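Colleague: I would like to go through some of the words used for this model and ask what stands behind each of them.
Modeller: Ask away, with the structure in view.

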Amino acid sequence: MKVEIYSDVVCPWCYIGHIRFARAVERYRAKGGEVEVELRPFQLDPSAESTGAPLLEWAAAKFGGVERAEQMFGHVTTTAAGDGLEMDFGHAVHANTFDAHRLVRLAGEQGKGEEALYRLFAAHFTDGLDVGSREVLAKIAAELGVEADLDGQDGVSAVREELSRARALGVGSVPLFLFEGQFAVSGAQPEDALFAALEEVAQRTGQAPAERAGGEACDDDGYCAV
């Protein structure tokens with residue numbers, strides 16, 4: 001079964017969603033199922049500038065003050081902890097993620113796409129690193145043993161094409177899991193729901209498209225539901 005996952009490396013629900021889906025896939029494979037995962041890029045804020053500005057400062061300006069931003073971050077931090085993830089929004093940096101997606105793409109070509117994605121999630125949410133900085137990304141690439149010339153044009157056209165494809169498909173919030181190109185599951189739904197989706201799609205492949213919605217997600221306005 002082919003599953004395409006649209007996500008952004010600065011989307012907290014994407015980090016949670018990927019972790020939950022990975023666990024669901026482990027269960028599905030344990031039953032003899034086969035899953036091929038393809039990572040697809042999505043930018044919550046394509047116009048973002050990587051200036052090293054604190055994420056809290058940006059969120060406060062966008063969502064109506066520090067109190068509102070802290071409320072949003074507090075909810076997702078608590079949820080993430082329940083999934084074994086540490087998120088430190090107090091040190092997170094607002095960043096443009098285009099080059100980070102290039103790194104994931106290039107790492108994927110070298111068999112390390114998911115490893116790169118998870119490292120970028122941790123870099124942003126736990127380590128307080130600027131994932132829009134090419135210097136930071138170069139260090140991560142070296143750490144992973146990935147060859148990536150981010151000062152050149154490596155991966156630029158491929159990522160642009162995939163971002164355009166996401167827009168053409170109408171992807172407006174992430175994470176989004178697209179099964180066999182036709183069955184969509186949106187949001188960081190519980191592991192059990194994602195496992196059920198794997199089983200359902202296995203049974204329904206070739207039938208009319210089905211969509212299961214309602215999980216928590218981040219939309220292309222940069223908003224993350226509380």
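This is a predicted model: local features need pLDDT of at least 70, side-chain atom pairs count only at pLDDT 80 or more; totals for chains, interfaces and linings use all residues.

Modeller: Leu120 is a place to begin: beyond its neighbours within four places in sequence, Leu120 is in contact with Val9, Ala100, Leu103, Val104, Val131, Leu137 and Ile140.

Colleague: Which core is the largest nonpolar one, and which residues have the most contacts inside it?
Modeller: The largest nonpolar core has 52 residues, and those with the most contacts inside it are Tyr15, Ile16, Met87, Leu120 and Val174. Two or more residues come from each of several elements, including helix H1 (12-30), helix H4 (98-109), helix H5 (113-125) and strand E4 (176-179). H5 gives the most, with 7 residues. A second, separate core has 17 residues, among them Met1, Phe179, Val185 and Ala197.

Colleague: What makes H5 mostly covered?
Modeller: Of the 13 residues of H5, 10 are buried. Among them are Gly113, Leu117, Leu120, Phe121 and Phe125. The cover over the buried residues of H5 includes strand E1 (2-7), H1, E2, H2, H4 and H6.

Colleague: Why is Arg40 called buried?
Modeller: Buried means under 20% relative accessible area. Arg40 has 16% relative accessibility, so Arg40 counts as buried. Arg40 lies in strand E2 (residues 36-41). Not counting residues up to four places away in sequence, Arg40 touches Lys2, Glu4, Ile5, Tyr6, Ser7, Glu162 and Arg165.

Colleague: Why is His94 called buried?
Modeller: The relative accessible area of His94 is 11%, so by the cut-off of under 20% His94 is buried. His94 sits in the loop between H3 and H4. Apart from neighbours within four places in sequence, the contacts of His94 include Asp45, Glu49, Pro54, Leu55, Trp58 and Asp130.

Colleague: Are Cys11 and Cys14 buried or exposed?
Modeller: Cys11 has a relative accessible area of 0%, so Cys11 is buried. Cys14 also has a relative accessible area of 0% and is buried.

Colleague: How many disulfides does a search of the whole structure find?
Modeller: The search finds 0 disulfides. To count, a pair of cysteine sulfur atoms must be within 2.5 Å.

Colleague: What makes E4 and E5 a pair of strands?
Modeller: Pairing needs at least two bridges between the strands. E4 and E5 have 4 bridges, in the antiparallel sense, so they pair by that rule. One of the bridges joins Leu176 to Ser186 in E5. E4 and E5 form a hairpin with 3 residues between them, and Glu180 in the turn has a positive phi of about 50°.

Colleague: Which residues of E5 point one way, and which the other way?
Modeller: Phe183 and Val185 point one way from strand E5 (residues 183-186), while Ala184 and Ser186 point the other way. All of them are buried. In a regular strand, side chains alternate between the two faces of the sheet.

Definitions and conventions
Residues are numbered from 1 along each chain as its sequence is written. Side-chain values use heavy atoms; hydrogens and water are left out. A nonpolar core is a set of buried Ala, Val, Leu, Ile, Met, Phe, Trp, Tyr and Cys residues joined through side-chain atoms within 4.5 Å. Buried means under 20% relative accessible area, exposed over 50%, partly exposed in between (1.4 Å probe, protein chains only). Contact means heavy atoms within 4.5 Å.
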